[in-house]
Amino acid sequence: MKTINRTLFVLALMLSATSAMAQTATDSLRISTVSHMVGGGASQVLDTYLSAEHFSGPGVTYLCTVERQRPQRRWGTVMEHEVNFSSVSDRTDQRDELEGAYNFYWGRLRRWQLLDNRLTLQAGGMANASLGFIYNSSNSNNPAQARAHLNLMPTGVASYRFSVMRHPVVARYELALPLAGVMFSPNYGQTYYETFVRGDYDGNVRLTTFVSAPEFRQMLTLETPLSASIALRIGYLGNYQQFHVNHLKQHVYTHRFMVGITRRFSIISRRL
């Protein structure tokens with residue numbers, strides 16, 4: 001009888017240890033989704049520091065999205081690197097501008113699973129740091145304008161899983177709007193020589209809100225698997241940035257049709 005009791009006790013300890021190890025492995029499991037996309041489309045640029053004219057033309061964008069989520073946790077992390085370049089002309093096609101920008105987005109989103117896990121809703125916020133330039137080839141005195149801002153953006157994402165002819169497809173829509181931020185801008189009539197060489201500060205760092213710096217960024221994609229861990233992703237990316245500070249107006253509107261590859265993989269953290 002004692003031998004049976006000891007055996008049952010040992011088995012209970014082994015089951016408890018196995019359950020604890022399984023729970024630890026689940027808690028340390030992290031699912032990462034990495035997407036690389038490139039696209040092209042139309043761009044519209046206005047910067048009254050350089051010209052009162054509206055410029056339009058083609059542009060290209062590279063977008064890298066990294067999402068990290070632990071299955072047992074509601075909150076996940078998203079990071080996005082967006083590089084944009086546009087070559088635009090005025091309405092008479094006699095003056096040209098070059099526009100380029102790098103946008104980095106980092107955010108935390110809470111997840112809800114609905115409709116038997118077919119629908120995933122996420123909501124939270126992202127911080128957007130942007131650096132860029134606009135160069136006017138016709139100007140000799142002030143040929144270029146620097147772009148720099150930091151923004152806080154409420155964000156929402158909706159993903160829906162369905163099938164087309166028994167082939168799985170994921171439709172995803174992401175929307176981000178501005179709340180508040182800070183940006184650099186010269187003042188009306190102020191040159192960069194006065195700002196950086198002579199050190200004449202004239203309100204060149206400004207607080208912004210959704211009124212003075214409205215922004216609307218949306219992305220709609222469709223994704224279908226190519227293998228167990230790799231999927232094809234296509235879609236539309238629209239980024240509409242606009243500022244009205246220091247008596248200057250600027251907007252950069254980009255429309256991009258994107259295509260790329262998404263890869264998913266799992267990582268188990270090792271803890272000593």
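**View A. The model contains two cavities of 30 Å³ or more.** A cavity is a set of points, on a 1 Å grid over the protein atoms alone, where a 1.4 Å probe fits but cannot get out; lining residues have an atom within 4 Å of a point. Grid points are joined across faces, edges and corners, and a volume is the space filled by probe spheres set on the points. The model is predicted: local features need pLDDT of at least 70, side-chain atom pairs count only at pLDDT 80 or more, and totals for chains, interfaces and linings use all residues. Residues are numbered from 1 along each chain as its sequence is written, and side-chain values use heavy atoms, with hydrogens and water left out.

**View B. The largest cavity holds about 120 Å³ of space.** Sixteen residues line the largest cavity, and Q145, M183, S185, F243 and Q250 are the closest to its centre. Two or more lining residues come from each of β6, β8 (180-184), β11 and β12 (248-268); strands are DSSP runs of E of at least two residues, helices are runs of H or I of at least four, and both are numbered from the N terminus. β6 gives the largest share of this lining, five residues. The lining consists of eight nonpolar, five polar and three charged residues, where Ala, Val, Leu, Ile, Met, Phe, Trp, Tyr, Cys and Pro count as nonpolar, Asp, Glu, Lys and Arg as charged, and the others, Gly among them, as polar.

**View C. The second largest cavity has a volume of about 60 Å³.** Its lining is made of E82, N84, E99, A101, N103, R147, N239, Q241, V252 and T254. At least two of the lining residues come from each of β3, β4, β11 and β12, with the largest share, three residues, from β4. By class, two are nonpolar, five polar and three charged.

View D. A pocket is an open set of grid points with protein on both sides within 12 Å along at least five of seven lines. The lining of the largest pocket has 24 residues, of which T33, E67, Q122, R161 and R264 are the closest to its centre. Elements giving two or more residues to this lining include β1 (29-47), β2, β3 (75-89) and β4 (96-114). Five of the lining residues are nonpolar, ten polar and nine charged.

**View E. The second largest pocket has a volume of about 180 Å³.** R161, E223, P225, A231 and R264 are the closest to its centre among the 13 lining residues. The lining divides into seven nonpolar, three polar and three charged residues.

**View F. The largest nonpolar core has ten residues: V45, Y49, L50, F55, V88, I134, F184, Y192, L248 and V252.** A nonpolar core is a set of buried Ala, Val, Leu, Ile, Met, Phe, Trp, Tyr and Cys residues joined through side-chain atoms within 4.5 Å. Buried means under 20% relative accessible area, exposed over 50%, and partly exposed in between (1.4 Å probe, protein chains only). Leaving out residues up to four places away in sequence, L248 is in contact with T48, Y49, S185, P186, N187, Y188 and F243, a contact being heavy atoms within 4.5 Å. A second, separate core has seven residues, including V78, Y105, M126 and V157.

**View G. T65 lies in strand β2 (residues 51-69).** T65 counts as buried because its relative accessible area is 3%. Beyond four places in sequence, T65 contacts T33, V34, S35, V78, M79 and E80.

**View H. M165 and H247 are shown in their loops.** M165 sits between β6 and β7 and has a phi near 55 degrees, positive in a residue other than glycine. M165 counts as exposed because its relative accessibility is 81%. H247 sits between β11 and β12; its phi is also positive, at about 65 degrees, and H247 is not a glycine. At 66% relative accessibility, H247 is exposed too.

**View I. Over residues 10-26, pLDDT stays under 50.** pLDDT is the predictor's confidence in each residue, from 0 to 100. For residues 10-26 the model has one contact beyond four places in sequence. Where pLDDT is low, the predicted coordinates should not be read in detail. The mean pLDDT of the protein chain is 87, and 88% of its residues reach 70 or more.
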